[in-house]
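Hi,

Here is the structure I promised to send over.

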Amino acid sequence: MSKEIPTPNLETPEGAPRSDFELRNCFGFRISGIEFVSRHFRELSVASALLLLLLALAIFAPAFFSPQPLLSRLTREAPALVVACGIALVIICRQIDISVGSQFSVCSVCAGLLAASGWSIPMVLLASILIGALLGAFNGFIIASLRLPSIVVTLATLAILRDGLRWARQGQFVNLPEKLQWFGFSQKFGQLLLIITALLLIIVLLFILKYIAAGRFIYAVGSDAEAARLAGIHPQLVTFLVFVFTGALVGLASLMNIVQSPQVDPNSGTGLELKVIAAAVVGGVAVSGGRGNLIGVFLGLLLLGCISPALIYLHIEAYWEKAIQGAIILFAVVADGLRARR
Amino acid sequence: MNIKSIKHFLLRHETILFLVLVNEWLYFYIVGRRFASYDNTCDILRHSVEIGLLALVMTPIILTGGIDLSVGSLLGLCAILFGKLWRDAHLPIPGAIVITLCIGALAGGLNAALITLLRLPPLIVTLGTYSLFRGLAEAITHGVDTFTNFPEWFLFLGQERFLGIPAQAPIFVMVLIAIWLLVHRTTFGRSFRAIGFSPEGTRYAGIPVERRIALAYVLAGIVAALAAIIYTARLGQAKADAGTGYELYAITAVVLGGTSIFGGIGSVHGTILGVAAIAVLSNGLVHAHQPRELAGILTGVLLLLALTASALPKILTTLRPRSQTLPSNTQTASPP
């Protein structure tokens, strides 16, 4: 009766204790070139689109690459990058947060007011992160405890925060003390510091998402909350914490934004939510949850952020920026849809 | 009508929202000066027609479990194109209106094609077209061009009264009746709800799911174009930023009106009550000499309360059995 079951050879390091499938997916080795391309199709295609754009700029407008303007442009994108990481986590967890723009404005204004009233920079940083985390916790608590759809809840908090801020401040700018500019360093050092902070954050988050249980929980809850619950994860708690963490990132990003200018614009976060969601989507984060990669988000944000300076350097009217952004989003999702159909 | 059905009626979302609306109205009637005058009522009506139209067509979309973020941007694009057709292409206004409506249908068709043919999530598709439509409007006008000096008779549509009521009200009522009949008295409405509950099940029941969804989005495009024309007539000018943020107001009104964002449950009269609640609130606050911003805050709070109220019964039912079965569970789990 017995077809002999091959006993797994546990000693060999290469051996087959588990199936090849698992080995390839968990540890990421033994991948052929074709598999690599098909698995990282989105990142590669966004990267090649970005390369093409940069190539076009290098040929037609080499001035784009002169170091100082390039550095300033990258610095301006750094806060959005931090927020985009947060929103990517939220989307991977199969939620969405459209109130990040309003949160960003509220955090900016609060941090500006605290700094103007004489708080030291570390305290302002801490307070800004804390305020962001509190706003995120409010969203997260309602969404996780009452299991309400996140898009509607954050739509409500978007309106509350935006109009609350307008009511309290009547659209006034906040004048910042001199010492807050670039954290009191020289401009060049400050710019480098911001860029390095954003990049470090991405690297740390990449590591957490790939190798730390907390990161894997987010993917698990995003792909199937019920299965995650049966596996011993508390999906509601994970959702709540993801929102809190995203809020904290928004707080950090708002401080990274206000140190760049002598005043705080209370409308600085308007439209930010759509920009970062677009970056995440272009970068291959699936709105159906459980799939996505921060490298893709990084590339997506760079691609979208490069468009408007590229338009100026290539002497195309800057009014086309939004239309081209929309076209890129649609192009990315259409490519996704076509691949899924094949 | 027995007691149970009366209780059921009283606890319905629409009834509660109606009571909220009546309370709002009474409060502003007492506090505000000239709030309840006929002129002001016409004002409220006039200002809520565009958002009302968008909310009306958003209802079938949300019933199917979808969402359309692009309606506000489409309103802007259609307003610009309407102005362009009239001023630069020298078309007569009726011709421009017809072509604008066709453009609206085409834009809705783009959404519908991407969503149904490629099975893409509506949230992302309409996020893309949200950017695209607004961007096209900005690109066409270079961000600054505005279209003004429309003829008197066209402005009549948005600013004057016809038989004592605002001239755009009859159009709104016609669309309202059409959508109400579509959602509540036809098999289309039934199929929208069925799709919202279970698209796969609906497909097995022999309903052409894709075509029904496409119908909802194309309808949204046409009505957004209609709203653009009324908007242009009311303000007397067409600008690229027309209708910015209207999609959020429309979605708020629909959800406030008791339509589940997951689809399947909802009604058109609920949506109308939602629109009215928001419109009365924002107008009444001005008459009560309160800051305008309070309207947004209160709308948000109202939305959260409505959501919580709708979620509470579900939460309570999931909590109760768990607390009851907990002892028996621990018994069975304990080793013999």
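The contact between the chains draws on 41 residues of chain A and 40 residues of chain B. Bear in mind throughout that this is a predicted model. On the chain A side, at least two residues each come from helix 6 (121-146), helix 7 (150-169), helix 12 (272-282) and helix 14 (321-341). Helix 14 of chain A gives the largest share, with 14 residues. By residue type, the side of chain A that touches chain B splits into 27 nonpolar, 6 polar and 8 charged.

Next, chain A as a whole. Its secondary structure amounts to 14 helices and 2 strands. The C-alpha trace of chain A spans about 85 × 55 × 35 Å along its principal axes. The radius of gyration of chain A is 22 Å, which agrees with the value near 20 Å that a compact globule of 342 residues would have. Of those 342 residues in chain A, 43% are buried. If you take the contacts in chain A between residues at least 6 apart in sequence, 77% of them join residues at least 24 apart.

Helix 13 of chain A (residues 294-313) is worth a look. Which residues of helix 13 of chain A are buried? They are Leu294(A), Gly296(A), Val297(A), Phe298(A), Leu299(A), Gly300(A), Leu301(A), Leu303(A), Leu304(A) and Ala310(A). The cover over these buried residues includes helix 3 (41-60), helix 4 (67-92), helix 8 (187-211), helix 12 and helix 14 of chain A. Helices 12 and 14 of chain A also turned up above, each supplying at least two residues of the side that touches chain B. After helix 13 of chain A comes His315(A), with a positive phi near 60 degrees.

Helix 11 of chain B is mostly covered, with 20 of its 27 residues buried. Just after helix 11 of chain B sits Gly236(B), which takes a positive phi of about 75 degrees.

Cheers

Conventions:
Residues numbered from 1 in each chain as written. Chains lettered and ligands numbered in written order. Predicted model: local features only at pLDDT ≥ 70, side-chain atom pairs only at ≥ 80, totals over all residues. Contact = placed C-beta atoms within 7 Å. Helix = DSSP H or I, 4+ residues; strand = E, 2+ residues; numbered from the N terminus. Nonpolar A, V, L, I, M, F, W, Y, C, P; charged D, E, K, R; others polar. Buried ≥ 20, exposed ≤ 12 C-beta atoms within 10 Å, placed from the backbone. Rg over C-alpha atoms; globule rule 2.2 N^0.38 Å.
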